[in-house]
Amino acid sequence: MFSTVLIANRGEIALRIARTCRELGIRTVAVYSTADQDAPVVRFADEAVHIGPAAPRRSYLNAAAIVEAARKTGAEAIHPGYGFLSEDPDFAEICAAEGLTFIGPPPAVLARLGDKARAREVMADAGLPVLPGGNRTVDTVAEAVERASSVGFPLIIKAAAGGGGRGMAVVREPHDLPRIYAEVRATGQAVFGDSRVYLERYLDGARHVEVQVLADSHGGVVHLGERDCSVQRRRQKLVEETPAPGLAPKTAASLHEAAVRGVRATGYVGAGTFEFLVTGDGEFYFMEINCRIQVEHPVTEMVTGVDLIGEQLRVAAGYPLTLTQADVQPRGASIECRVNAEDPRRGFLPTAGTVTTFRAPGGPFTRVDTHLEAGQRVTADYDPMLAKVVVWAQDRRQAIARMQRALSELAVEGPGVQTTVPFLTEVLAHPRFLDGKHTTTLVDEMTAQA
Amino acid sequence: MAVNGTERAEQLFKVMGQRVIRDVAESCGSVRRIRVAAGDLSLEVEWPGGEVVAVPVAPVPDGVSSRPAEAPMVPEPAAPVLSEAGVVVRAPLVGTFYHAPEPGARPFVAVGDVVTADDQVGIVEAMKLMNPVSAETAGRVTEILVTDGQPVEYDQPLMVILPVD
């Protein structure tokens, strides 16, 4: 096993990774920007290196600074967390060239699957169902118009390099196509440095269901069940749960099988997530692969008892997985709510300010992953997520009641600071959510009514 | 800083320190290192070659002197006694600090050198890319806080420059 791991991330996930490292007896190195110098992980880690100013480009996205920090501290491996450099094949390659283990899939796999247009093609070849859209990017308006006529409307234009809900837009009317096509290309270029886009048929009222997989370098592959992440706003997840409510066991089994097939077809190693759209009549379509640990991984941990970060570390160190498929026996139900510094009444606009009061919920089967402390400044430099509240219960109904109780205990206060908590409690009480019949349009419908 | 007294005392000491440094630097030529201690009112001057000379300093008025003698006579490498009197040059990124353009070459600057704002005073190497560090301030280099080949963090103090009017 590694003796020292550098954590190339910030916020709750940096702390989350450091905690498992500590439990496994691994020395940890935190890296931090000037804005995060008082972050809990800086104190928690065995060593911390100041890598740059607040701007991510000069700190958490600065591959040279992170590699130098690893060298300075004698780290053998780098855990990239999620976001930032976690799915950057160039960074994975730099790590390899510098003799550092990148905790994630091999660089070549990352390059092939991180390109969403290519991932779609690879999965279609492996026999996974994909939505109509053709297996190539569309590189001119004329091509887009031609492809659209065979795909049909509504359709969605996605940036090949997109992620995190950015770089995609729905086109409902043919006359909007050229404008939206240009917009997504521009976003792709500006945000991801890649203007290539592809088209796909868009499904209204589908559910977002994803499958967690783990693979080692000895051919071991397991899935750890699915998560439903249909409660989204602007394609960013707010509430995630497992098992997916109302998903027929046969459909669930097909999803799991498809994900494992996708892993085997690509030589994937590490933790990954296969995202699917599932329609009301149980049809499902592959969307994309997230080649990293995900924000919502705790719900899977709660029902399976598997520490996903621990497995990532073991697999990256060359060990086989500690479990086989037969060992994965999910039990009960788990829900996660993302507490963001956003104002739901103003279109989920991020809010900034200093948190003067922070009280995390406790109690039975309640887990809070957070980096928040009273006195902390919430800035616009980074993602507005403040905390993840996760609960487990024997069934979904009890899990919802437990989450409501947990959220009522949570206090995040400070001048100017607004959170998603009031909205989350509305979601949990919404009849369609309670019935498990909601789709990805739930949040839009709720905010349109308000 | 060894001054433990009032703000006025600190201010006085700072002014005194600056004057001493300027006087010594101008009259004694190429000085490698100067250290002014407060407790027992000592002044140390180091010339290239490494010898340390302790110069007795006249006592300051009552109320300025503070702590009992505890400042060491032998210079410590990372005791930036003069930092408050100068401008600190900081590392622009994480990497390895080099004081010369190549191994064995003459260092960009030594303590006592007078630099302009544009002068290069060092290199921070990150992933084989040599990033020049410039003085940013015109003045005399009074302290170099890192050694050649030392790993440095972002924003780590590298040297102190005393602005020259």
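How much area is buried between chain A and chain B? Here are my notes; keep in mind that this is a predicted model.

1. **The interface in numbers.** About 1100 Å² is buried between chain A and chain B, and carbon and sulfur atoms give 59% of that area. As for who takes part, chain A brings 19 residues to the contact and chain B brings 13 residues.

2. Between chain A and chain B the count is one salt bridge. To see it, look at Lys128(B) and Glu98(A), whose side chains meet at 3.5 Å, N to O.

3. **Which elements of chain A face chain B.** Two elements give two or more residues each to this side of chain A: β3 and α3 (63–73). Of the elements there, α3(A) gives the most, with eight residues.

4. **A closer look at His50(A).** This histidine sits in strand β3 of chain A, which covers residues 47–52. Is His50(A) buried or exposed? His50(A) counts as buried, because its relative accessibility is 7% and the cut-off for buried is under 20%. Leaving aside residues up to four places away in sequence, His50(A) touches Tyr32(A), Ser33(A) and Thr34(A) in its own chain, and Val94(B), Glu153(B), Tyr154(B) and Asp155(B) in the other.

5. Met1(A), Leu24(A) and Tyr319(A) make a nonpolar surface patch of about 250 Å². If you want to locate Leu24(A), go to the loop between α1 (11–23) and β2 (27–33) of chain A. Leu24(A) has a relative accessible area of 31%, so it is classed as partly exposed. It can join a patch because the cut-off for patch residues is over 30%.

6. **Chain A as a whole.** Stepping back, chain A holds 15 helices and 22 strands. Of its 450 residues, 58% are buried. Among contacts in chain A with a separation of 6 or more, 66% are between residues 24 or more positions apart. The accessible surface of chain A comes to about 17100 Å², and carbon and sulfur atoms own 51% of it.

Conventions: Residues are numbered from 1 along each chain as its sequence is written. Chains are lettered from A and ligands numbered from 1 in the order in which they are written. This is a predicted model: local features need pLDDT of at least 70, side-chain atom pairs count only at pLDDT 80 or more; totals for chains, interfaces and linings use all residues. Side-chain values use heavy atoms; hydrogens and water are left out. Patches are made of residues with over 30% relative accessible area and no salt bridge: like charges are joined within 9 Å, nonpolar side chains (Val, Leu, Ile, Met, Phe, Trp, Tyr) within 5 Å. Accessible areas come from the Shrake-Rupley method with a 1.4 Å probe; for residues, only the protein chains shown count as cover. A salt bridge is a side-chain nitrogen of Lys or Arg within 4 Å of a carboxyl oxygen of Asp or Glu. Helices (H or I, at least four residues) and strands (E, at least two) are DSSP runs, numbered from the N terminus. Buried means under 20% relative accessible area, exposed over 50%, partly exposed in between (1.4 Å probe, protein chains only). Contact means heavy atoms within 4.5 Å. Buried area is the accessible area (1.4 Å probe) that two parts lose on being put together, summed over both.
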